[in-house]
Amino acid sequence: MGNMIKAIEHAFWLGTEQCSYLIHINKAGKPVCAYFGAKVPLTEDISAFLEKDGPSNGRRVIYDKEKDPNCSLDDIAAEFSLPHKGDQHNPSLLLENSDSFVFDFVYESYEIKEAGPVEGLPSPRGGEELVLILRDQRMEAELDLHYLVYEEGVIGRYVEIKSSKKILCRKAMSYQLVLPNENFILESSYGNWAGEFQKDEAKLTHMGYFFGSNTFASGDNHNPLFFLKSGDSSAEHGSVYGFNLIYSGSHREEVEVNSFSRVRVSAGLSPQHFAWEIDKGKPFVTPVAILAYSDKGMNGVTAIFHSFIRGRVIPEAHRQDLRPVLYNNWEGTYMKFNEGKILSLARKAKKLGIELFVLDDGWFGHRDADNSSLGDYTVYKKKLPGGISGLSKKIHKMGMLFGLWFEPEAVSVDSDLYRAHPDWAISDGIHPNSEGRNQLLLNLTKPEVRDYLFEHLHRIISEAKLDFIKWDQNRPLSDIPGGEGGFVHRYILGLYELLSRVREAHPDLWMENCASGGGRNDLGMFSYFDTGWVSDDTDSFERASIQANMIKGYPACVMSNHVAAKTSHQLLRKTSLGTKFDVASIGVLGYELNLNDLDPIDKKELAAQIETYKKYRAAAQFGEVHVLAEKEDGRIIVSSIKDGQALASYCNVLQTPHPAMEKLPLAGFEAGKTYEFSVRPEKYDPRRFGSLINMILPFHVKEEGKLVNVVSRHYAMDAEKFSGTMDGEALNAGALTLGPQWAGTGLGENVRVLGDFGARLYLFDAK
Ligand code: GLA
């Protein structure tokens, strides 16, 4: 074991590469956070870190006059909290039994060991663990505070509650952390279907903040990822704390500032519908939360989260493998396909350089629309007479991997499964069921349902020799049954059990997570899945923003980004295929459009994109990521750098008549090393210039006329040229000067015609 955990008198140091954390057991026997911030020496003498005694404020309840006449639980940096002993703020735990609501846990002992897995829940690999054991003698109850320490700079936390008498837990947060307010700005995300990871920021005031999800999934409403940024921090500098949960169900995050400017932060299970009985031999364990700190700004925390997730969270088998470039037929055909169409798409995909062909929804039962057949794992013979195995064989023969879409957790009312087992659908058994996307959810708390799903998934994956599955989930929960409390949590535990079985049986299978896009992209799911479909919104500008926010907490190798048709199906906004690629290229690349409809010029473009991507793939998927500009800055810039190669994706917001002279902000390059830089060659569709095109043609064409339409199928104009060399230090200093943007007065060879929402991809190679 390393020495990341150090026990000293009445205190414990947790030390990592990036941060230090000091827990002090105060005179009242309550663990408090004496320090969490930049890495410092783990000294024996910690007196200078501790808060000094002072008179307790007027109206407070003094916890125990004998032990400490100044200590009120309302104003200490407590590592957990319960009400009814003077703490008037948001509690991290709520417990009760038939006699009392008062639970008073006091420090008793500790244990230091190698971190082990948390039973029934996904947990990171490796690490060291400190357990603080606290007891309420009178209630015969024990509270264990677990601290998991990972050298990358992550502290994991969860709590375990044990009792020899029956108690009820009504709220269970995985941790509480109290920090002095550094003019913090809370950054989190909100969203919905086709609009996940919308950035939200609030300067903390004394009003409380709480957010989370009660949908039963971690949710597109509010991902469990959030940050506290000190008021003077920036992308590359200053103090930033990052938080996330390794959990996929309903969750709650709380941030509260008291009148003495202490910031109390906690996160864990959503208390809505939550009630859990704890009894002798029936302890309760919360999901693991992760906390990180960096003094190198938001991108510093991002780097910590990324290396931690890549090393300890995502499935081991493909942890370091380059993700294949895929084609998915969803937006290309939706459910209107047959074997002929699929094979023709597959042949085209192969020619473009695609490595994995994924058949999406509509291959089973009699599914032509989203109102039938979920739950029936029989192939739709009318569409695929050769079955899935037959199709898989043909695609494999073309030299591609083959993948298939499933939505295991759902059932259609119009399905053989529902007709045979109506009781397998989630229902309170009293009211008529409410449907979402015309479907119900299966009750994964029942072992027989999980067995049914495992058997069918296992059979199809094995028989058809699938290389990849996309596991979708397309509706929130409703109509939960009565009886035992904590149904939502039990469902998620059932889901994890099923996923563990699939993973154990098929460790090498590529698995992609999806919930109507990013409805359940969280670290719980990424403990089983190699990638996650980021959003059903495939508009490039929307995606640039969604991705720039998601990537702050999730590494590029889990983010599945697709190039879709020029006109977005979600917004009807049109951007070029070049722009779509430039935005999709940091992450895992895929294509999701009808390849049979491509013009010759588009085919060339796509083949060139895939060739470029493959050359820079390691940097695109596993590089050190920097988010350098965001939507509110008028441009979105994200870069990724690894082993001397880098990509910087630039996406414009709105074109203005007087565009600013621009330098390209960059970071992470090696000082003293020279880099060749260039812009990925772009093409302009002549139609882009409307009737202005006549200024360069020897003959006249009509805007949107037949001639220009025919010509543009085969011909496109070269966009600006941009290349050269620069030292890494100069690149990091943001000295690289970009060509001027189009300003309505002429098109020189340096001029960038980005227009509204246009993008570019800058490429770098160390010499
Ligand atoms: C969800 C997914 C899509 C697609 C459809 C199929 O919306 O997010 O990518 O798989 O389901 O029904």
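Me: At roughly what angle do the axes of helix H9 and helix H10 cross?
Reply: The axes of H9 (residues 577-584) and H10 (residues 600-622) cross at roughly 15° and come within 10 Å. Axes here are lines fitted to C-alpha atoms, for helices over the stretch in contact, with angles running from 0 to 180 degrees between N-to-C directions. Helices are DSSP runs (H or I, at least four residues), numbered from the N terminus. This is a predicted model, in which local features need pLDDT of at least 70 and side-chain atom pairs count only at pLDDT 80 or more, while totals for chains, interfaces and linings use all residues. Residues are numbered from 1 along each chain as its sequence is written, and side-chain values use heavy atoms, leaving out hydrogens and water.

Me: Why is H9 called roughly parallel to H10?
Reply: Angles under 35 degrees count as roughly parallel. The angle between H9 and H10 is roughly 15°, so H9 is roughly parallel to H10.

Me: Which residues of H9 and H10 meet?
Reply: Leu-577, Gly-578 and Phe-581 of H9 meet Asp-602, Glu-605, Leu-606, Gln-609 and Tyr-613 of H10, where contact means heavy atoms within 4.5 Å. By class, that contact has four nonpolar, two polar and two charged residues.

Me: What makes H6 roughly parallel to H7?
Reply: Helix H6 (residues 447-463) and helix H7 (residues 487-505) pack at about 25°, with axes 10 Å apart. That angle falls in the range for roughly parallel, so H6 gets this name relative to H7. Among the residues making the contact are Phe-454 and Leu-457 of H6, and Leu-498 and Val-502 of H7. The residues of this contact divide into seven nonpolar, two polar and four charged.

Me: Which residues come nearest to the ligand?
Reply: Of the 13 residues around the ligand, Asp-360, Asp-361, Arg-437, Lys-470 and Asp-536 come nearest. A residue counts as near if one of its heavy atoms lies within 4 Å.

Conventions: Helices (H or I, at least four residues) and strands (E, at least two) are DSSP runs, numbered from the N terminus. Angles under 35 degrees count as roughly parallel, over 145 as roughly antiparallel, 65 to 115 as roughly perpendicular and the rest as oblique. Ala, Val, Leu, Ile, Met, Phe, Trp, Tyr, Cys and Pro count as nonpolar, Asp, Glu, Lys and Arg as charged, and the others, Gly among them, as polar.
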